[in-house]
Structures are given as C-alpha cells and as structure tokens.
Amino acid sequence: MRLPGVPLARPALLLLLPLLPLLAPLLGTGAPAELRVRVRLPDGQVTEESLQADSDADSISLELRKPDGTLVSFTADFKKDVKIFRALILGELEKGQSQFQALCFVTQLQHNEIIPSEAMAKLRQKNPRAVRQAEEVRGPEHLHMDVAVNFSQGALLSPHLHNVCAEAVDAIYTRQEDVRFWLEQGVDTSVFEALPKASEQAELPRCGQVGDRGKPCVCRYGLSLAWYPCMLKYCHSRDRPMPYKCGIRSCQKSYSFDFYVPQRQLCLWDEDPYPG
C-alpha cells in the first residue's frame, strides 16, 4: 500500500490528518473502512487489491486475486498478535481435484510489520486509476509449518480465524515457535494439533519429487503481498514543534511455506524439485 514521500510531487495515498475535519464523516465511527488500489505484481501484471481496516477490532485485512485466479488474503489481528495468510487455489478438475483448494497459514504478528489499524482506516488515494508499486521490497521469508490448528477451537487464537479459514478446515498450519509464544499468552493447548515431527518430515520427499499422488510428502506454497503500508511517514514543519504523520511507506514481501500433506494430490502445483 503506497503513499507519497515527504515531497508531494508524486501523490499516491494520502493519510487524512486531524486538520481535515470536514472529511471525518467519510471515515465513519469505527466502522470498517475499505480502500481499493491497483497494484503491480512481482511478475509485472496488474491486479486490484482490497484493503480493510477495523479500528474497533484493531485488525487489518488485505485481499488480491492473482492472474491464475488464486485469491490471496492477509489478516492482521493486533489484539491477539496473530497474522493469517489464506490462499484459495483453483483446482485442476482434469487431475481429480475439487473446484478449489484452501490453505491457511497462521503466525505471530510483529507490530512493526504493518501500519496500525487506525492509520489504515484513514487512508485515501487521490488517483484511483494509478498503478501502485511498492517503494521497498522486503526480504523473503521461508517458514516451516509443523503444527496444525484445530479449526473448531480456532476462535481462542483469533476471532478472525473462523471466517478467514472456513474453507480450509483441515489445512490450517502454524509453527512450534509461534505455538510456544501463544501458550505463554494464555491460549489453550486444544487449539493446536500435532503433525509428523520435523525429524519424520525430514525423511519425507518434497512433493515435487513424488510421482504417486497418494503418497505423503512435504509441500511448498509461495505467495506475495505485492503492496501494503508497512510504516508511517513523518514530516517536519516550521509551524509545528513536533514531526507529524504525513503519509505511508509501501512494501512488498514474499513468503514460502513448507508443510506436511498426507497425499501428493493435495500439492499438485509443486511440480518441480527445489533445493531444501
């Protein structure tokens, strides 16, 4: 999600400031605010991204559709220190798959990853037809998802999980290190379920190397957040003693997730071998 820098020569998204009281009715009173932005994907193609912020729930969501039809969403729950990635992947009917396959990956949210929900709720853009491209490309993250999340108990982890991951009941994954953090925060152990241990998974082949679609393997799925507001910008003025918020900095970040699947059929996109 992108905005101008200190100079206003390249206006993008503008952060509405308290100096603009006449626009306050547009923001509502805590109701979720939505912004639609045209963004350029890493492969150069353009898609529309939907950004929603709910300052009452202290949460942010982002959704975009990839050129292959996959619907990717990201949810940040600041109250519970949880972020949820979801992918709805179109199935290959000719290969015996269902109409679509859903995956959810749940990890700990760091509060410096994305701007606060109240700031996101105030974002507006001057030129809706402009195509936004991230100002900063953050380093990719590779995560080993070695624990399953129990969907029926998922609300104990985050109230957003039931809605976001409703289609991925049997495919919600997290990591041991995240589980340890949430258990220390008081989340009940019933939320989490064991998967084959890392040592057992290490003996399994990558799905890209398995010919038999009924065999278990370690699957890899990658997704990218093409454009999101990763931090606030501050400006200085002679008329103000303190720096004030005047925009955002936009980022792009890619993630890849490794996780256990009981059969190769559930990971048909992973066609080629890749280094560990």
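Which hand does the link of Cys-230 and Cys-251 have, right or left? The legends below take up this question and others in a predicted model.

View 1. The link is right-handed, with 65° about the S-S bond.

**View 2. S15 and S16 make a hairpin.** Two residues lie between these strands. S15 (residues 217-237) runs antiparallel to S16, and 17 bridges pair them. Look for Cys-217, which stands opposite Val-261 of S16. Cys-217 also forms a disulfide with Cys-207, at an S to S distance of 2.0 Å. The torsion about that S-S bond is about 90°, so this disulfide is right-handed. While Cys-217 belongs to strand S15, Cys-207 is in the loop between helix H5 (198-203) and S15, ten residues apart from it. Cys-207 and Cys-217 are both buried.

**View 3. S16 has parallel partners too.** Strand S10 (residues 136-137) is joined to S16 (residues 240-261) by two bridges, and Val-137 faces Gln-252 there. Strand S11 (residues 141-145) runs parallel to S16 as well, with five bridges. In that pairing, His-144 has Asp-258 as its bridge partner.

**View 4. Ten strands form an open sheet with mixed pairing.** Their order is S9-S2-S3-S4-S5-S6-S7-S13-S12-S14. At the edges are S9 (131-132) and S14 (192-194), each pairing on one side only. Helix H4 (residues 176-184) packs on this sheet, touching S6, S7, S12, S13 and S14. The direction of H4 makes about 55° with that of S7.

View 5. Cys-104 stands opposite Ile-172 of S13. A disulfide joins Cys-104 to Cys-165, with 2.1 Å from S to S. Its torsion is about -105°, so the disulfide is left-handed. Cys-104 counts as buried because its relative accessibility is 0%.

**View 6. Confidence in the model.** The protein averages a pLDDT of 83, and 82% of the residues score at least 70. Over residues 1-30, however, the pLDDT is below 50. Where pLDDT is low, the predicted coordinates should not be read in detail.

How values were computed:
Residues are numbered from 1 along each chain as its sequence is written. This is a predicted model: local features need pLDDT of at least 70, side-chain atom pairs count only at pLDDT 80 or more; totals for chains, interfaces and linings use all residues. Side-chain values use heavy atoms; hydrogens and water are left out. Two strands pair if DSSP finds at least two bridges between them. Helices (H or I, at least four residues) and strands (E, at least two) are DSSP runs, numbered from the N terminus. Contact means heavy atoms within 4.5 Å. Axes are lines fitted to C-alpha atoms, for helices over the stretch in contact, and angles run from 0 to 180 degrees between N-to-C directions. pLDDT is the predictor's confidence in each residue, from 0 to 100. A disulfide is a pair of cysteine sulfur atoms within 2.5 Å. Buried means under 20% relative accessible area, exposed over 50%, partly exposed in between (1.4 Å probe, protein chains only).
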